[in-house]
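Biologist: Could you walk me through reading a protein model, one feature at a time?
Modeller: Gladly; let us look at it together.

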Amino acid sequence: KLYYNQVFVSDNIKEVIPDYMIMLRGVVDCPELPLNVSRSYLQTNTYVSKVSAHIVKKVADKLNALYNTERETYESLWDDIRTFIEYACMRDRKFYDRVKSVLLLRLTDGTCLTVDDYLADCKEKHENTIYYAADKTAQAQYISMFEAQGIQVAVFDKQLDMQFLSVIESYSENVKYI
């Protein structure tokens, strides 16, 4: 909800909140927002984009803080917020740069690791490569083959995951997803 000097303006503030942050719920009360006469349309202004960027930064900071202070809670919420975070990373490189250290990989055994932790654990066996499966049952033979060699396999089984993988692989040129 958007308020201007504690006066309700609108429920839909797509100019302030990016489309990939649709899961956010809250109130923005900002007396500096430039509104036109009808109060239903935000004028294009650098201040509006600064407010939008600040909200995105705050969301990324909150994700980082939650990961650093309450990792178990973050991991339990990961499956619920994962799609939103992946979509946001695909849409906004700055958001990805802020949250890349807290992006989790769900492994076939159900545990979670960050990309950095995964790469550090597997440095001796394979360098800068993340092995993943898109379907645990269809690829069970390959998963068991890799696990027999001591290689952990991440699971990317959502519809958005393949596009997400191609985007983050282009962001980090030295890490390959196989």
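Modeller: Ile22, Met23 and Leu24 make a nonpolar surface patch of about 240 Å². Areas come from the Shrake-Rupley method with a 1.4 Å probe. This is a predicted model, where local features need pLDDT of at least 70 and side-chain atom pairs count only at pLDDT 80 or more, while totals for chains, interfaces and linings use all residues. Residues are numbered from 1 along each chain, and side-chain values use heavy atoms, without hydrogens and water.

Biologist: Why does Ile22 count as exposed?
Modeller: Exposed means over 50% relative accessible area, buried under 20%, and partly exposed in between. Ile22 counts as exposed because its relative accessibility is 55%.

Biologist: Which residues of H1 are buried?
Modeller: Helices are DSSP runs (H or I, at least four residues), and strands are E runs of at least two, numbered from the N terminus. In H1 (residues 46-69), the buried residues include Val56, Val59, Ala60 and Leu63.

Biologist: What does Phe95 touch?
Modeller: Contact means heavy atoms within 4.5 Å. Leaving out residues up to four places away in sequence, Phe95 touches Val56, Val59, Ala60 and Leu63, among others.

Conventions. Expected span 1.5 Å × (residues − 1). Buried < 20%, exposed > 50% of the residue type's maximum accessible area, 1.4 Å probe, protein only. Patch = residues over 30% accessible without salt bridge, like charges linked within 9 Å, V, L, I, M, F, W, Y side chains within 5 Å. Salt bridge = Lys/Arg side-chain N within 4 Å of Asp/Glu carboxyl O.
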